[in-house]
Amino acid sequence: MKIILAVLMVLTMASLSSAQQPSHADVIFVNAQIYTGASLRLPPCKDEIGDPCPPPIWSEHMGPDVLNNMRRQAMAVSSGKIIAVGTNGEIQNYKGPKTQVIDLGDHFVMPGFNDSHVHLGSGGFEKLNVDLVGSKSLDDMKQRIAARVKTAAPGEWIQGRGWDHTLWAEQKTPTRADIDSVTGDHPAIFNRVDGHIAIANSAALKAAGITAQSPDPHGGKIDRDEKGEPTGILRETAMGAVSDKIPPPSAAQRRKAAELALEDAARWGITSAQDNSDWEDFLTYEQMEKEGKLTLRIAEWLPFDATVEQLVKMRQHHSQKDPMLHTTMLKGFMDGSLGSRTAAMLAPYDDDPKNAGIPRYEQEKLNTMAAERAMHGFQLGFHAIGDRGARMALDAFAYAEQSRKGKAPGLLSRDRIEHDQVIAPEDFAKFKRLGVIASVQPNHLLTDMNWAESHIGPERAKHSYPWKEFEDNGIPLAFGTDYPVEPITPFRGLYAAITRKNEAGTKEYYPEQKLAIHEAIAAYTTGSAFAEFAEKQKGTLMPEMLADFVVLDRDITKVAPPEILKTRVLRTVVGGKTVYEAK
């Protein structure tokens, strides 16, 4: 109890510290139920000058009573940052002649969501190309493609994404003959929902020079029929031969795609996103920022496979201290996906015993590349879905850590593994020892639970999508969506994290791995901020933090889990400025 009282005293002093000498705010927000935030356990760390990081003011492990008492009624904002939180009366002290006052109608307010894993470029282009998400059958997929072909110019490439054959009755992947029947002479390629396999038509295969004699590329596979002819299904790196032939989008198309993706993010309460898009997309965001039209804080990832010289040049292109836009980690791919059985596994798939997935690197080469980039101060983030993929990433991080010992003592790594869907039990200790962040997307489980156990078997399934296991082992969690693989709404992810059930509530997947609501919120706010070295700027609604928050139509910490799925965003605020308001 003494600890709890001390925490509340610290919170109160911090939230009103500037009330002794109030300055006029640009805007004050009143009549709200402000949930100032919650923190997961984070590992010991040092800041950029080598001092220990300050501990969080509160933590989920202090209990729900403390967290529920951490509510405030109003906040004052100046120059994009919070200068005070408190009661309506206390915050009125910050009102000046030019201060804007916004009444939030007694609605629930919480820190803005920080999506730790998105593909904004792909998300925007999905809305400009053929949207195959939710296709109920092959015929449905073909009808959507045919509708787009009717409006295409002669010879124009037809593109799209989002099909998922596991949702179809026959559960068979499409063939080039299927696509040829509706695309005619147009070259066409359509990515599966996970982005790790694609179906190309005959015209696209011809443009890429893919024939029966074409060898499988390293880290990829060309599916073939009984005669050895390509079926049109291209897995992992094999997709590159076709994608390299597609004319790049125009600057106007990139701008439109970026605008659509940012509108999507704002509508769902996303105030920060950690993005893996093309460099040309980053330049588009940069132009939008110059015009004052960037409505989302973006931390852009760079390609791990680029040369160190290229990476250093890209990092130097834009200020790393810009809170709206900058580059961050290097993204590399260890493997593919579970749905397409290309995730690299330590043992073969239970329902495909001759297949253990597709590793994308030889370990020795991966280690060398990781160490070289780590020595130049880059954070590493590796896509790894299978347990072998995760181990490859961990071994590379360990090699990089050993290589820089004594040579670069001031560098902070906070390396990350993206997805972490299947983990060998003995590898959790290695995560913790290396301080590796588990960047996960709980919403994937809502569909994956339909087939995951059949792919990997019950023993491996016990340690799949292992969010509670990460938390119990003191491994930092960061939540995201993998947009547009999944919708960018955070509420599906929160629901999945705390229930481990499908959206209908009729199926449950290893419930011992579920989290409490405050833990899930923390992973989506403070956890994601920690993953991008921004925990001193965002994730909580306290003085000196960025004024990034979302207003919801319900208190998601108190409603029944199914009600979270129905949550509406009423207002999204970035730097004290409203970027979305429900009509």
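Which residues in α12 meet which residues in α13? In this predicted model, the α12 side of the contact consists of Gln363, Leu366, Asn367, Thr368, Ala370, Ala371, Ala374 and Met375. Their partners in α13 are Met392, Asp395, Ala396, Tyr399, Ala400, Ser403 and Arg404.

Two packed helices are described by the angle between their axes and the distance between the axes. For helix α12 (residues 363-375) and α13, the axes come within 8 Å and cross at roughly 45°. The crossing in which α12 passes α13 is right-handed.

On the α4 side, the contact is made by Leu120, Gly121, Gly124, Phe125, Lys127 and Leu128. The α9 side contributes Gln253, Arg254, Lys256, Ala257, Leu260, Ala261, Leu262 and Asp264.

In soluble globular proteins, nonpolar side chains tend to be buried together. The largest nonpolar core in the model comprises 95 residues, among which Leu338 and Phe382 touch the most other members. Helix α13 (residues 387-404) supplies the largest share of this core, namely eight residues. When residues up to four places away in sequence are not counted, Leu338 touches Ala343, Met345, Tyr349, Ile385, Gln421, Val422, Trp451, His455, Ile456 and Tyr465.

At the level of the whole protein chain, the secondary structure comes to 21 helices and 22 strands. The chain has 583 residues, of which 57% count as buried. Among contacts in the protein chain with a separation of 6 or more, 75% are accounted for by residues 24 or more positions apart.

The average pLDDT of the protein chain is 91, and 90% of the residues score at least 70. Two segments depart from this level. Over residues 1-14, pLDDT stays under 50, and the model has 19 contacts beyond four places in sequence for this segment. Over residues 45-66, pLDDT likewise stays under 50, and the corresponding number of contacts beyond four places in sequence is 48.

Notes. Residues are numbered from 1 along each chain as its sequence is written. This is a predicted model: local features need pLDDT of at least 70, side-chain atom pairs count only at pLDDT 80 or more; totals for chains, interfaces and linings use all residues. Side-chain values use heavy atoms; hydrogens and water are left out. pLDDT is the predictor's confidence in each residue, from 0 to 100. Contact means heavy atoms within 4.5 Å. A nonpolar core is a set of buried Ala, Val, Leu, Ile, Met, Phe, Trp, Tyr and Cys residues joined through side-chain atoms within 4.5 Å. Buried means under 20% relative accessible area, exposed over 50%, partly exposed in between (1.4 Å probe, protein chains only). Helices (H or I, at least four residues) and strands (E, at least two) are DSSP runs, numbered from the N terminus. Axes are lines fitted to C-alpha atoms, for helices over the stretch in contact, and angles run from 0 to 180 degrees between N-to-C directions. A crossing is left-handed if the near helix is turned anticlockwise from the far one by less than a right angle, and right-handed if clockwise.
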